Amino acid sequence: MWIVMAVLSAVFAGITAVLAKCGIRKTDSDVATALRTVVVLVCAWLMVFVVGSWDSIGGISPKSFLFLILSGLATGASWLCYFKALSLADVNQVAPIDKSSTLLTVLLAIVCFGETYHLFLKLFATALLGIGIFLMIEKKDMDAAEQKNNQWIVFALGSAIFAALTSILAKVGITDVESNLGTAIRTSVVLLLAWGIVWMKGKQAQMKQIDRHELFFIALSGVATGASWLCYYYAIQNGIVSIVVPIDKMSILVTCVFSSCFLKENMKRRSLLGLLLMLIGTLIMAIWC
């Protein structure tokens, strides 16, 4: 079941990136992130009440609370970096770098949780993922002004680093906590961080200027994110981190398909080869590791 949940997480996460891109063409990325988090929070707490785990919040240990909060902060930082990068570059440029968090997460899971079963195969699959990610990083034809502004790369790398920390911290924090409740607590932390950034930067006035069409896509991306998180943290809690994360990161396959169909961001042969290597590496992880 945890593998099924990891696959569903990848599907919803892949849709999220495309929906979010449609919602931040004119809307500030920080404001969009804060609005999306509200939707995710509603979805998360709704699931808590549906499964009836809200009354167990008093039994959560201080250690679990601490790591859930740290995981939430890392998630918030990853989101802010990711959607800033999306606002500056194409989905097909940002997504591969963001997914490089897989490499760091797998290595950290091996070291921190002792997930050394079939270690050689796992490292081989991780190498395939790394090569695939490198091949997928496309270079656009840019004019001189655009070449001087490559900030999106810095934000995409920041997103990947914080995303890797998120998975490791969440695994520790969610060990003795019902996964839906853990997700809701983490999302609450992300909400505070996202809105804190908006207020510190004085962007709250932009709320009144958001295009309704973009607001609709921001809300949809929030729903997709909420669904992805609920599936992902169930898989993290019940499965093997170094396998769950690569499966989840294959959301890039869904992202590329949707961005090609709806955003007309076509992929080159080099990128398609990279995507194939990532798929092979993920299948090795899921089937033999």
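I started with Thr75, which is buried, with a relative accessible area of 4%; buried means under 20% relative accessible area, exposed means over 50%, and partly exposed is in between (1.4 Å probe, protein chains only). I was working with a predicted model, where local features need pLDDT of at least 70, side-chain atom pairs count only at pLDDT 80 or more, and totals for chains, interfaces and linings use all residues. Residues are numbered from 1 along each chain as its sequence is written, and side-chain values use heavy atoms, with hydrogens and water left out.

**Thr75**

I placed Thr75 in helix H3; helices here are DSSP runs (H or I, at least four residues), numbered from the N terminus. Setting aside residues up to four places away in sequence, I found Thr75 touching Thr166, Arg186, Val190, Trp229 and Tyr233. Contact means heavy atoms within 4.5 Å.

**Two serines of H10**

Next I looked up Ser221, which lies in helix H10 and counts as buried at 0% relative accessibility. What does the side chain of Ser221 reach? I found a polar contact with the side chain of Arg36 at 2.8 Å, and the backbone oxygen of Ile218 at 2.7 Å. A polar contact is a pair of N or O atoms within 3.5 Å; within protein, one must be able to donate a hydrogen and the other to accept it, and residues adjacent in sequence count only if both atoms are side-chain atoms. Leaving aside neighbours within four places in sequence, Ser221 is in contact with Thr16, Leu19, Ala20 and Arg36.

Ser228 is found in helix H10 (residues 212-238), and counts as buried because its relative accessibility is 5%. Beyond its neighbours within four places in sequence, Ser228 is in contact with Ser9, Phe12, Ala13 and Asp248. A polar atom of the Ser228 side chain lies 3.0 Å from the backbone oxygen of Ser9. I also noted Leu8: its C-alpha atom is 6.9 Å from that of Ser228, although the two residues are 220 apart along the chain.

**The cores**

Which residues have the most contacts inside the largest nonpolar core? I listed Phe83, Leu86, Val94, Trp152, Tyr233 and Ile236, in a core of 48 residues. A nonpolar core is a set of buried Ala, Val, Leu, Ile, Met, Phe, Trp, Tyr and Cys residues joined through side-chain atoms within 4.5 Å. Helices that each supply at least two residues of this core include helix H1 (2-23), helix H2 (29-51), helix H3 (62-88) and helix H9 (179-200). H10 gives the most, with eight residues. Apart from this core lies another, of 18 residues, among them Val106, Ala125, Leu129 and Met136.

**H4 against H8**

I then followed Val94, which touches Tyr82, Ala85, Leu86, Ala89, Trp152 and Ala156, not counting residues up to four places away in sequence. The axes of helix H4 (residues 91-98) and helix H8 (residues 151-173) come within 8 Å and cross at roughly 40 degrees. Axes are lines fitted to C-alpha atoms, for helices over the stretch in contact, and angles run from 0 to 180 degrees between N-to-C directions. From H4, the contact is made by Gln93, Val94, Ile97 and Asp98; from H8, by Trp152, Ala156, Leu157, Ser159 and Ala160.

**His118**

Last, I checked His118, in the loop between helix H5 (101-113) and helix H6 (119-136). Its phi is near 55 degrees, a positive value in a residue other than glycine. Most residues other than glycine have a negative phi. His118 is partly exposed, with a relative accessible area of 36%.
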